[in-house]
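Please describe this protein model in a short report.

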Amino acid sequence: MKLKNLLHGLMWKLLMVNALSCGLEACMAAGTVYIPPLLLQAGMEERYMTMVLAVGPVLGLIFVPMIGSASDSLQSYYGRRRPFIWILSLGVLLSLQIIPQAWYLAVLMFPQHPHWLEAALQAGAVCLIDFCGHAGLTLLVALLSDLFPAEEENHRAFSVNSLMTSLGGCLGYLLPAVDWSQAPIATYLGGQEAFVYALLTFLLLCCLVTTVFIREETGTKREERKPVTQNSLKRCITRYCSRSCLPQPQCILVTLGRCASAYMSLLPRLYAKCVCVPAVIWRLFVAETCSWMALMSVMFFFADFMGEALYRGVPNAEPHSLERRHFDEGVRMASLGLFLQSVVSMLCSVVMDFWVALLGARTVYISGVALLAFATTIMSVSESVFMVTVMAALTGYTLCVLQVLPYTLLCLYHSNQQAFFTSSKPRLPQLSKSDGIATSYAQGHTVGLTLPRAEPSVRSPHVSLFVSEGDKSETNCTAVSQRGICFDMAILDSAYLLSQVLPAMCLGSIVQLVNSVRAYMASACCFSLLACLCSTRIVYSHSDLQH
């Protein structure tokens, strides 16, 4: 009975921690549907709209590691992660209020020429929600690792996290697919988008409240932590600013300057670490980047594509005109297609372990990108809404493959570092019959392997991103005993962020040049064909090392 109560309490704790992941993912998914159309409705050109979408991932590449490092060293009354999570969630909440009401805010602030201010408010809110959402999800994963350090609890925690984030994605895509415009409360709030964002605000607030009841360090009394909170800033300033005679504001500036200088001094060491990445990981990185670029080109611009190309709508037409109604209907259908994509990805994740064991990693990965190439080809030329929606749903299989296999292969490489990492043409490893691989899935964050005879660095994922004293021998790119799996996972994670930046920087200009939004799907098709070519160069198994 006591064990049953313990398990019941553990499950409730898991649900409370992962509830905010569900809420943030719902906001991010709805933003994927609504943000490009809203930016276009604000009068922004296609090329500038796509560039705005690139700002959030760039900020994430720069600042998320710094925020994570700051949360590691924070000691406060409310723990290490939650203060940052709350601040980032407030940024998401602020964006949810600005995005649907940007026009009214622009008229209120600058009634003579509100159009440019509306576009600026929309762009700023989009960047804020994108950055805060990604950073918040990252810190929530770190919070899970802190609260559930045991191996069995950790697997259960990330399984629940995978389920909750998938549920949030489905909910975020489903809400815009429903026509809320006829509801009286939607009319009162200002239309379809305003009502959906109001629902997301309520959902995120409810999920945010659950984090208040989480204790990050159960063995520490709050009264013992109070003096630490009051003196933490002072100790930090004293550490970096030895000039005690200076006023505190000047000392803070000196502290910030020295911290920035220290951070910049680490960049050459980080570069030295990156250039020594083994060839097998670079091949996987390039293939994953191309694959994500193709998939992100579909997901980011699918609503604009459906509204303009298939429904012949105009995003910046008058609110109640026929062209605008056609565009809004296309956006709702695109949201339905992305919802089906998320559902297919969830279903495929259930059988992915069996699929890899039956067909092999090579067949599964190449089939995923080949299916994406086929789907984007059909979407580029088809005039059928039904056919395009079905193709969008099928890309859920590719989404699942990209969330599982790259991390699976990375753990395979680390299971025998001497074989995979020592040279560009490594020797075939000697494995016993007892060695095996078992994949496990946790969407977007923790995907690993059960490695019976892994190296010590594989079992311990806490590794510095920078070259330590013991890593100096890595400058010749041959010594691998000190290489940790966490740094290589960070490299693969950066492929996901880069895949959002590169298409966003160029696709808008291409669309304006050819004067057709079908260029989005055509570009996705080209990226997927390139991904097919790169995927044939990936090392999928020990037998590939001989070629």
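Arg 518 is buried, at 17% relative accessible area, where buried stands for under 20%, exposed for over 50% and partly exposed for values in between (1.4 Å probe, protein chains only). The model is a predicted one, in which local features need pLDDT of at least 70, side-chain atom pairs count only at pLDDT 80 or more, and totals for chains, interfaces and linings use all residues. Residues are numbered from 1 along each chain as its sequence is written, and side-chain values use heavy atoms, with hydrogens and water left out.

Arg 518 forms a salt bridge with Glu 383; the term covers a side-chain nitrogen of Lys or Arg within 4 Å of a carboxyl oxygen of Asp or Glu. This pair links distant parts of the chain, with Arg 518 in helix 18 and Glu 383 in the loop between helix 13 and helix 14, 135 residues apart. Helices (H or I, at least four residues) and strands (E, at least two) are DSSP runs, numbered from the N terminus.

Glu 383 also pairs with Arg 312. Here too the pair links distant parts of the chain: Arg 312 lies in the loop between helix 11 and helix 12 (322–359), and Glu 383 in the loop between helix 13 (361–381) and helix 14 (385–415), 71 residues apart. Arg 312 is exposed at 51% relative accessibility, while Glu 383 is partly exposed at 48%.

The whole structure contains 5 salt bridges, among them the pairs below.

| Salt bridge | Closest N and O atoms |
|---|---|
| Arg 518 and Glu 383 | 2.9 Å |
| Arg 47 and Glu 45 | 3.1 Å |
| Arg 312 and Glu 383 | 3.4 Å |

In the pair of Arg 47 and Glu 45, Arg 47 is partly exposed at 33% relative accessibility, and Glu 45 is partly exposed at 34%.

Helix 18 (residues 518–535) also holds Ser 528. Ser 528 is buried, with 0% relative accessibility. Leaving out residues up to four places away in sequence, Ser 528 touches Ala 294, Val 369, Leu 372, Ala 373 and Thr 376; contact means heavy atoms within 4.5 Å. The C-alpha atoms of Ser 528 and Leu 372 are separated by 6.4 Å, although the two residues are 156 apart along the chain.

How many disulfides does a search of the whole structure find? The search finds 0, a disulfide being a pair of cysteine sulfur atoms within 2.5 Å. Cys 22 is buried at 7% relative accessibility, and Cys 132 is buried at 5%.

The protein has 18 helices and 2 strands. Of its 547 residues, 51% are buried. Among contacts between residues at least 6 apart in sequence, 78% join residues at least 24 apart. The accessible surface (Shrake-Rupley method, 1.4 Å probe; for residues, only the protein chains shown count as cover) is about 25600 Å², with 66% belonging to carbon and sulfur atoms.

The largest nonpolar core has 140 residues, and those with the most contacts inside it are Leu 96, Leu 200, Phe 302, Phe 305, Tyr 365 and Tyr 413. Helix 11 (residues 279–310) gives the most to this core, with 21 residues. Such a core is a set of buried Ala, Val, Leu, Ile, Met, Phe, Trp, Tyr and Cys residues joined through side-chain atoms within 4.5 Å.
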